[in-house]
Amino acid sequence: MGRSLKGKELGVGISQRKDGMYQARFTGRSGRRKTIYDKKLSALRRRLIECQYDVQQECEIIEDDVTLDEWFEIWMDTYKRNCRNTTLASYTTKYNRLREDLGWRRLSSLNLIVMQRCLNKFSTDQKRIDCKKILIDMLDKAVDSEILSKHPARKLNTVMMREPKKERRVLTIPETEIFLKMAKGTMYEYLYVLALETGMRVGELGGLKWSDVDLLNRKIEVKRTLCYVCQDGRYTFDLHDTKTMNGKRVIPLTSNAIQALREQKTKGYSMVKEGCDDLVFFTRKGKPLELRTLQGSIDCIIKNIQKEQDFERFTPHTFRHTFATRAIEFGMNPKTLQKILGHSSLQLTMDLYCHVTNDTLFTEMAKFENAQGVWSFF
C-alpha cells in the first residue's frame, strides 16, 4: 500500500514522490511493470483504472520500447491495410532505405540528429523527401497512439543537392508526327494513338477492356488500372479499381481514337486468360502489358528516329502530358480537361500537366503582335 508524503494511504501501487508528483505502477499485458504519473491524485487513479482495463481487455498490445521496424509493420497493418498493393510496395521500398540506420532503434531514441544523418546518406533530395514523408506519418501515428509524446521528424532537412527541377517532357506537334510515322507497323502503334488522343494513364490503357469501349456512342469508360505487383516474392498482374473516385470517368473519343481502336480489334492476336481476359492491349505472347515492355518499344522507335535526326528520349507518361498540353493549346476548357484526365483539382491539372512548348511561345507572341495592329516607336 503506497503512501503520500504526509503518510496518508493512497492505494495499491500508488505513491507520491518527493517533488509532489503522484505515480502508479501496474503490470502490463507483456508482464512488464509500467509507471504512470500525474500531478493530481484523482486523475492518476482514473488513468490507472483505464490502463488496468485495457490490460484486461488485451488492448495494450504495443510496448513503449517498440523499434522502428516493429512499428513499421504495425503501421502498415493498422493504418495502410486499405491501400492498393502498388502503394504498399512503394511504402516498403522507401522504408527499406531507412532500415539499416534506423530500423533497429527504439522510437523513443529517434532524435533529430540520428534521423538527419540517415537522410544525409541518400543520393538525391527526392529520396530524402520520400523518406521524410513516411517518417512523419509513422511517428505521427505513434504520437496519436500515445507511444511517443512528440517527435522532430518535421524538422528534417531534405534539400541538400539543390537539384534543378526537370521540365516535363512534352512532344511538340512535329515530334508527335515523326514518332507516329516511325511507329507504324509496330506492336503498340494504336496504343500510342489512343494515349495521345485521350490522355489515359499507362495502367488505365493496360487495364482497358473491350467491354469498356463503346464505338457507336464514341466513348470509353475508365473503370480500372492494371498493376504489376510483388506478392510473396513473385510479381503478378492485378486489375485494381482506379486510385480515386475521380479516376472513374467517361472519355469521349476522337475520330483518330476510334480508328485506332478499330484497327487494334482487327489485329487478331489472342489474349491468354489469366484473370485479365478481354484486354484491348497486350504483348505478342498474349500477356498483360507491363510498363517496361512499353518503354522498350518506345526506345526502339526513338533509336530508329535518331539515326536520321536528334530526338530526345521520353517515357510512356509523356503521352499524357502531351495530350493535356495540346488540349490547352487548342482551347479546351480547363475544367473539361480536369474531368477527362480524372484529377481531383483544377490546380493539379494546370500545374502538373499543362506545359508551354517553345513552338507555342512564338505562336502566342505572333497572336499578340497581330492583335496590336501596326504601330511603331520609330
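Hi everyone. Of the 378 residues in this chain, 41% are buried. Before I go on, please keep in mind that this is a predicted model. The chain has 14 helices and ten strands. If we take the contacts with a separation of 6 or more, 57% of them are between residues 24 or more positions apart.

Strand 3 runs antiparallel to strand 4, residues 22–27, and three bridges join the two. If you'd like a pair to find on the screen, look for serine 15, whose bridge partner in strand 4 is glutamine 23.

Now to another open sheet of three strands, this one in the order 6-7-10 and again antiparallel in its pairing. Its edge strands are strand 6, at 213–214, and strand 10, at 249–252, and each of them pairs on one side only. Strand 6 is joined to strand 7 by two bridges, running antiparallel. Here aspartate 214 has lysine 219 of strand 7 as its bridge partner. Four residues lie between the strands in this hairpin, and arginine 218 takes a positive phi near 55 degrees there.

On to the pairing with strand 10. Strand 7, residues 219–222, pairs with strand 10 over four bridges, in the antiparallel sense. Lysine 219 stands opposite proline 252 of strand 10, and isoleucine 220 has isoleucine 251 as its bridge partner.

Nonpolar side chains tend to be buried together in soluble globular proteins. The largest nonpolar core in this model has 39 residues, and Phe179, Tyr192, Leu194, Ile220 and Phe319 have the most contacts inside it. So where do the residues of this core come from? At least two residues each are supplied by helix 6 (173–183), helix 7 (189–198), strand 7, helix 9 (255–265), helix 10 (291–306), helix 11 (318–329) and helix 12 (334–341). Another core lies apart from this one; it has 28 residues, including Phe72, Trp75, Cys131 and Leu148.

Not counting residues up to four places away in sequence, phenylalanine 179 touches Tyr192, Ile298, Ile301, Ile305, Phe311, Phe314 and Phe319.

Two helix pairs next. Helix 7 and helix 11 have their axes 7 Å apart and pack at an angle of about 40 degrees, and they are therefore oblique to each other. From helix 7, Tyr192, Ala195, Leu196, Glu197 and Thr198 meet Phe319, Thr322 and Phe323 of helix 11. By class, that contact has five nonpolar, two polar and one charged residues.

Helix 3, residues 85–103, and helix 5, residues 125–144, have axes that come within 9 Å and cross at roughly 85 degrees. Those two helices are therefore roughly perpendicular to each other. On the helix 3 side, the contact is made by Tyr91, Lys94, Tyr95, Arg97, Leu98 and Leu102. Helix 5 brings Lys127, Asp130, Cys131, Ile134, Leu135 and Met138. In terms of class, there are eight nonpolar, no polar and four charged residues in this contact.

One last stop, for those of you who like arginines. Arginine 313 is in the loop between helix 10 and helix 11. Its relative accessibility is 48%, so arginine 313 counts as partly exposed. Which residues is arginine 313 in contact with, leaving aside its neighbours within four places in sequence? They are Arg169, Gln295, Asp299 and Ile302. As for aspartate 299, it is 14 residues from arginine 313 along the chain, and their C-alpha atoms are separated by 7.2 Å.

Key. Residues are numbered from 1 along each chain as its sequence is written. This is a predicted model: local features need pLDDT of at least 70, side-chain atom pairs count only at pLDDT 80 or more; totals for chains, interfaces and linings use all residues. Side-chain values use heavy atoms; hydrogens and water are left out. Two strands pair if DSSP finds at least two bridges between them. A nonpolar core is a set of buried Ala, Val, Leu, Ile, Met, Phe, Trp, Tyr and Cys residues joined through side-chain atoms within 4.5 Å. Buried means under 20% relative accessible area, exposed over 50%, partly exposed in between (1.4 Å probe, protein chains only). Contact means heavy atoms within 4.5 Å. Axes are lines fitted to C-alpha atoms, for helices over the stretch in contact, and angles run from 0 to 180 degrees between N-to-C directions. Angles under 35 degrees count as roughly parallel, over 145 as roughly antiparallel, 65 to 115 as roughly perpendicular and the rest as oblique. Ala, Val, Leu, Ile, Met, Phe, Trp, Tyr, Cys and Pro count as nonpolar, Asp, Glu, Lys and Arg as charged, and the others, Gly among them, as polar.
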